[in-house]
Amino acid sequence: MKHKKKISKSTIIIIAVAVVCVLAVVALCLFAMPRTAEVGGAVSTVSTANTANAASNSANATNQPAATNQNAVQAEPAPKPEPATDSLGWRPGETSDASFADLQQKIEAYNQQWNCEATFTLINLETGKGFNIDGDKPMVAASVIKLLVMAELFDQVDQGILSLDDYKDGDTLRHLCEIMIYQSSDPATNSLIEVVGMDNINEEAQKLGLQNTVLNRMMISVDDSATIENYMSSNDTAVILNMIWEGNFYSPELNQLALQFLEESEDIYTGVYDAIPPSATWAHKAGVLYGYIEIRNDCGIMEAPTPFVMCIYTHGLNESSGRSYRFGLTQIVYSWMEG
């Protein structure tokens, strides 16, 4: 009878070491493979709702694949833009005439009473004339930058790249855009930035001639401190609002939707509403940052007998003083425009 040879302990150790080495090589190879899920990258399939399955989509929204633009790219952080003038060939201040001199002097005198940095732009929507005070100066935009996110979304919808009925994070792009504007939802904004791409958003700003505007980062919570900021100027913001009023904000349907979202804004505690009569409508987008920085902005279309665009940016006022500042400024402007 043959006896089996025993395997020595040294042989077992050699085999074990060899197995460990093979597993380590396999793990390194897997780790080095390209990843498929990146912010703004092309990962998931666009799901478009139609009339036939709309009810099913509504009931099963959380199961819908995320909408993704194949060209969406995450932007590298950009610095604060240098003030650029005459970036459109037309700027709100270029259409000024002597009739605005009195109002401008009143606002400049009013600003002297406040310890803050402030910029201002006004356009009379009946005449197209207006003026600005430091209107081309880049200011921290806060949530006013969401107007630019909406612009890029609507541009891609207008081109047929996306549909407002596409889904992202269990919700339609239409509803995400709506709550981004009228509720100022940061999660909805971040979802839309992922869909359309940060680089594409900044390219759209350039196409619109907004040379003092840049989106550098996603939206953050109030408990966070940003190391970089997003910037807009009051003139750039006025250009977008003027486009909406004139009906030139992409297709007629999208233009009407943008105006509707602005009119539905729930941010009614900025001080502007308190200074206007109930018959007027303030279709606007406000922006606030506080804690590590004090930013209080409010920009919109005043739907009144003499309609006008008004953009107010301030840095250095807290909630109470910011509301008081905008209240007093709106009183001056509204009584002058409507008087």
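This is a predicted model: local features need pLDDT of at least 70, side-chain atom pairs count only at pLDDT 80 or more; totals for chains, interfaces and linings use all residues.

Let me start with a term: two strands pair if DSSP finds at least two bridges between them.

Residues are numbered from 1 along each chain as its sequence is written, and side-chain values use heavy atoms, with hydrogens and water left out.

The overview, then. The chain has 10 helices and 9 strands. Of its 339 residues, 50% are buried, where buried means under 20% relative accessible area, exposed means over 50%, and partly exposed is in between, using a 1.4 Å probe and protein chains only. Contact, by the way, means heavy atoms within 4.5 Å. Taking the contacts with a separation of 6 or more, 69% are between residues 24 or more positions apart.

On to the sheet. Which order do its strands take? It's an open sheet of 5 strands, running β2-β1-β9-β8-β7, with antiparallel pairing. The edges are β2 (130-133) and β7 (281-289), and each has a single partner strand, so one side of each has no neighbour in the sheet. From one strand to the next, the twist averages 5 degrees. As a reminder, strands of a sheet pair through backbone hydrogen bonds, either parallel or antiparallel.

Let's zoom in on β8, residues 295-303. β8 is mostly covered, with 8 of its 9 residues buried. On one side, 9 bridges join β7 to β8, and the two run antiparallel. Their hairpin has 5 residues between the strands, and G291 there takes a positive phi near 100 degrees. β8 is also joined to β9 (residues 308-315), antiparallel again, by 8 bridges. That hairpin has 4 residues between its strands. Within it, C299 stands opposite C311 in β9, and G300 stands opposite M310 in β9.

Helix α8 (residues 234-246) packs on it, touching β1 (117-124), β2, β8 and β9, and its direction makes about 155 degrees with that of β9. Helix α9 (residues 252-263) packs on the sheet too, touching β7 and β8, at about 70 degrees to the direction of β7. Axes here are lines fitted to C-alpha atoms, for helices over the stretch in contact, and angles run from 0 to 180 degrees between N-to-C directions.

Between α9 and β7 there's a loop, and A280 lies in it. Is A280 buried or exposed? Buried, with a relative accessible area of 9%. Leaving aside neighbours within four places in sequence, A280 is in contact with M302, E303, A304 and Y334. The C-alpha atoms of A280 and E303 are separated by 5.6 Å, although the two residues are 23 apart along the chain.

Why call α4 largely enclosed by the rest of the structure? Because 12 of its 13 residues are buried. Those buried residues pack against α5 (173-182), α6 (186-196), α7 (198-207), α8, α9 and β7. Just after α4, G160 takes a positive phi of about 85 degrees.

Take the α6 contact. α4 and α6 pack at about 40 degrees, with their axes 10 Å apart. That makes them oblique to each other: under 35 degrees counts as roughly parallel, over 145 as roughly antiparallel, 65 to 115 as roughly perpendicular, and the rest as oblique. The contact is made by K146, V149, E152, L153 and Q156 of α4 and D186, T189, L192, I193 and V196 of α6.

Last stop, α7. Its buried residues are M198, N200, I201, N202, E204 and A205, and they pack against α4 and α6. Just after α7, G209 takes a positive phi of about 85 degrees.

That's it from me.
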